[in-house]
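Trainee: I'd like to learn how to read a sheet and a core. Can we work through an example?

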Amino acid sequence: MRLYIAGPMSGIKSFNFPAFDAAASRLYSAGYTVVSPAEIDSPAMRDACLCSEQGDLADLPPGESYGKLLGRDIQIVIDDVDGVMVLPGWLNSRGARIEVFTAV
């Protein structure tokens, strides 16, 4: 089964990548195929996110935007996964709520 990880990112240190990485690790260990937004970004994007103290969208590299990233992730949820796993706090995340709504 291929699972997408949805959760809060914006406004959280390192865009919450450590929580996404920990969840992905647990899912991989359980035998799932995982799609995590924290893993599919370019190395430059991942580095920028990990260095962001506040998870501020202004810290994204040039050419990247919230809409572009969310659009990519929505397409993945529609076309490429069997289910969505949510992280704590997902209900407080506009993007995660959209991803879950799309999956349902």
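Trainee: Which residue in β3 does L3 stand opposite?

Mentor: Keep in mind that this model is predicted. Strands in a sheet pair through backbone hydrogen bonds, parallel or antiparallel. Here, L3 faces G83 in β3. β1 and β3 are parallel, with 4 bridges between them.

Trainee: What is the strand order of the open sheet?

Mentor: The order is β2-β1-β3, 3 strands with parallel pairing. β2 (33–35) and β3 (83–86) are the edges. Each has a single partner strand, so one side of each lacks a neighbour in the sheet. On average, neighbouring strands are turned by 35 degrees against each other, direction ignored.

Trainee: Now the core. Which members of the largest nonpolar core touch the most other members?

Mentor: A nonpolar core joins buried nonpolar residues through side-chain atoms within 4.5 Å. The largest one here has 16 residues. I5, F15, F17, F20, C49 and L60 touch the most other members.

Trainee: Which elements give two or more residues to this core?

Mentor: β1 (2–6), α1 (17–29) and α3 (43–51) do. α1 gives the most, with 5 residues.

Trainee: Take C49. What does C49 touch, leaving out residues up to four places away in sequence?

Mentor: C49 touches S14, F15, F17 and L60 on that count. F15, F17 and L60 are also among the core members that touch the most others.

Trainee: Which residues does the second, separate core include?

Mentor: That core has 7 residues, among them Y4, I76, V77 and V81.

Conventions:
Residues numbered from 1 in each chain as written. Predicted model: local features only at pLDDT ≥ 70, side-chain atom pairs only at ≥ 80, totals over all residues. Heavy atoms only, no water. Buried < 20%, exposed > 50% of the residue type's maximum accessible area, 1.4 Å probe, protein only. Contact = heavy atoms within 4.5 Å. Pairing = 2+ DSSP bridges. Axes fitted to C-alpha atoms, helices over the stretch in contact; angles between N-to-C directions.
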